[in-house]
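Student: I would like to go through some of the labels given to residues here. Please show the structure.

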Amino acid sequence: MAEPVNYIVDADIKAFFDNVDHKWLIKCLKQRISDPSFLRLIVRFLKAGVMEEGKYMETDKGTPQGGVLSPILSNIYLHYVLDLWFNRKLKKQLKGYAKEIHYADDAIICLQYQADAQRVVEELKGRLSKFGLSLSEEKTRIIEFGRYAQAQARERGKKPDTFDFLGFTHFCDRTRRGKFKVGRRTSRRRFRAKMKAMNGWLKSVRNFFRLRDWWKILVAKLVGHYRYYGVSGNYESIRRFYFRTLNLVFKWINRRSQRKSYTRAGFRQYLECYPLPKPKIYRNLYTLSPLK
């Protein structure tokens, strides 16, 4: 990180997907889409409603969480609500370096000065309220982050702050030569969620499909995890995911019946014949290049 970043605004938009204003969203879409039939399809998607405890409920705002269009629509919405406003208006009024980054409802703003960070938070509250949105007072925070944050935290006898963004915990780190760099590891919350999902999936397939049939899917799941989380500096996290997955596989294949299917030695032999992909770093974020 060569830019003069000293503060991060970790902005959390309160219940974003539940509060997207449909009228404003359609206005945003009309900036680039002129096909009325296509726009009507999107409106129908937004108005489809939800099922809660077996009861149908109509929706007059928000986008369906888990819907295939929701991440795309939210990115378009915040492009007009947040990106353009920040870059064309607010950024020009700040004294130092400023950069805003977001994906869906996850947003951070990198700043040089603390006064700018405080102003961004106040301005952001007003901007979001215009579109029926609000910042979460509990989760939105300003943290010291950058090449000087580590030394300042050490002087106070504390550890430097970290922040989570897109499934990674970002922290102040050092290169082998002692220079500052941004460190990344899989966030604890995301790691627990991934392990819980893997455990649930293994439990669900162990009795209904043959081992060799779901083994291929397991391979794909591991490769998919490595391709997202396999970034420079995060090897230990994906390695931990691999070994915990092995333990879960061993556990659930031995619970298919009252008779134990595999001993540890037998399971190792099976892995030698049908190996699972080992942890691998796929991308170097410091050079923004894929690793072969």
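The questions and answers below concern a predicted model.

Student: Why is Val68 called exposed?
Tutor: Exposed means over 50% relative accessible area. Val68 has 72% relative accessibility, so Val68 counts as exposed. Val68 sits in the loop between β3 (55-57) and α4 (70-93).

Student: What makes the nonpolar surface patch of about 280 Å²?
Tutor: Val68, Leu69 and Ile72 make this patch. A patch residue needs over 30% relative accessible area, and Val68 is at 72%.

Student: How do you know that Arg127 has no salt bridge?
Tutor: A salt bridge needs a side-chain nitrogen of Lys or Arg within 4 Å of a carboxyl oxygen of Asp or Glu. For Arg127, which is buried, the nearest side chain of opposite charge is Glu123, 9.1 Å away. Arg127 therefore has no salt bridge.

Student: Which backbone oxygen lies 3.2 Å from a polar atom of the side chain of Arg127?
Tutor: That of Tyr80. A polar contact has its N or O atoms within 3.5 Å, so this pair at 3.2 Å falls inside the cut-off. Arg127, in helix α5 (residues 114-129), touches Tyr80, Val81 and Trp85, leaving aside residues up to four places away in sequence.

Student: Why does Asn254 count as buried?
Tutor: Buried means under 20% relative accessible area. Asn254 is at 12% relative accessibility, so Asn254 counts as buried. Asn254 belongs to the loop between α9 (235-253) and α10 (264-273).

Student: What does the side chain of Asn254 reach at 2.7 Å?
Tutor: The side chain of Asn254 reaches the backbone nitrogen of Tyr262.

Technical notes. Residues numbered from 1 in each chain as written. Predicted model: local features only at pLDDT ≥ 70, side-chain atom pairs only at ≥ 80, totals over all residues. Heavy atoms only, no water. Patch = residues over 30% accessible without salt bridge, like charges linked within 9 Å, V, L, I, M, F, W, Y side chains within 5 Å. Areas by Shrake-Rupley, 256 points an atom, 1.4 Å probe, with all protein chains shown as cover. Helix = DSSP H or I, 4+ residues; strand = E, 2+ residues; numbered from the N terminus. Buried < 20%, exposed > 50% of the residue type's maximum accessible area, 1.4 Å probe, protein only. Lys, Arg positive; Asp, Glu negative; His and termini not counted. Polar contact = N/O pair within 3.5 Å; in protein donor to acceptor, adjacent residues only side chain to side chain. Contact = heavy atoms within 4.5 Å.
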